[in-house]
Amino acid sequence: MLDSLTILAMAAEAVQRSESLELEREFTIRRPRTTDIPLLAQVERSAAQIYRTADLDSLADGATLDPYILITIANAGYLWVAVNRFDQPIGFLGGNYLSGNFHIIELSVAQDYQGRGIGSALVATMSQQVRQEGYRSITLTTFKDLPWNAPWYAKLGFAEVKVQEMGKEFEKLVESEARHGLDPKRRCVMRMVF
Ligand SMILES: CC(C)(COP(=O)(O)OP(=O)(O)OC[C@H]1O[C@@H](n2cnc3c(N)ncnc32)[C@H](O)[C@@H]1OP(=O)(O)O)[C@@H](O)C(=O)NCCC(=O)NCCS
């Protein structure tokens, strides 16, 4: 039989546990700072570990984005960083102009933070900004068959488009991905039109 003090202590512990879970869910999306840039490789590497579950270890171990690209897109205003309550980067989205579209170059959420709405929130923040700037569509390339790729983007409103429909720049992009070992039969271009 539990005495009342033990029950109170257990209740207090349960409240504390749920409060700390609540805090772990907290995140903010903000503009990048110069000090964030070197930390984003770790975020990208951590995010890419999910590819091991699809036997794509080469992606989990592959190169991360060139910091020069990150700095360039940050300076252009096209890099968004998700941070935890300690202001540490836990996710990011970066893109640039491509043939009239806003094109997502990279979207990554660190492994321990996936599935908490951070990726969707990064896409929503980016969409709002680029739409206000006058962009009418957002594009990306991804794997057709992995649940956290094409089906994930489809839930957010993206749809697959034929690469030929998108023009030369996209054809070159898909060819370059194939040269870097991404099977073109499994890849697709997706687009969201506002
Ligand atoms: C793709 C990625 C950015 C998604 O970010 P995230 O913060 O985990 O996604 P969210 O929490 O916003 O996802 C919300 C929805 O997707 C679902 N989801 C998230 N991860 C999923 C997964 N691995 N498999 C299936 N569904 C998943 C959630 O269940 C949720 O669905 P609901 O709204 O119906 O409940 C993240 O998985 C990642 O960094 N992956 C590695 C890098 C990558 O693949 N980038 C995109 C390449 S183009």
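## Around the ligand

A residue is near a molecule or strand if its C-beta atom, placed from the backbone, lies within 6 Å of it. The shell around the ligand holds 19 residues, and Ala 47, Gln 114, Gly 119, Ser 120 and Trp 148 come nearest. It comprises 10 nonpolar, 8 polar and 1 charged residues. Here Ala, Val, Leu, Ile, Met, Phe, Trp, Tyr, Cys and Pro count as nonpolar, Asp, Glu, Lys and Arg as charged, and the others, Gly among them, as polar.

This is a predicted model: local features need pLDDT of at least 70, side-chain atom pairs count only at pLDDT 80 or more, and totals for chains, interfaces and linings use all residues. Residues are numbered from 1 along each chain as its sequence is written.

## Elements behind the shell

Helix H2 (40-48), strand S4 (101-109), helix H5 (118-132) and strand S5 (137-143) each supply at least two shell residues. Helices (H or I, at least four residues) and strands (E, at least two) are DSSP runs, numbered from the N terminus. S4, H5 and S5 form a right-handed β-α-β unit: with the strands pointing away from the viewer, the path from the first strand over the helix to the second runs clockwise.

S5 is largely enclosed by the rest of the structure, because 5 of its 7 residues are buried (20 or more other C-beta atoms within 10 Å of their own, with C-beta atoms placed from the backbone).

Strands pair if DSSP finds at least two bridges between them. S4 and S5 run parallel, joined by 2 bridges. His 103 stands opposite Thr 139 in S5. S5 and strand S7 (residues 187-193) run antiparallel, joined by 7 bridges. Ile 138 faces Met 192 in S7.

Note on methods
Buried ≥ 20, exposed ≤ 12 C-beta atoms within 10 Å, placed from the backbone.
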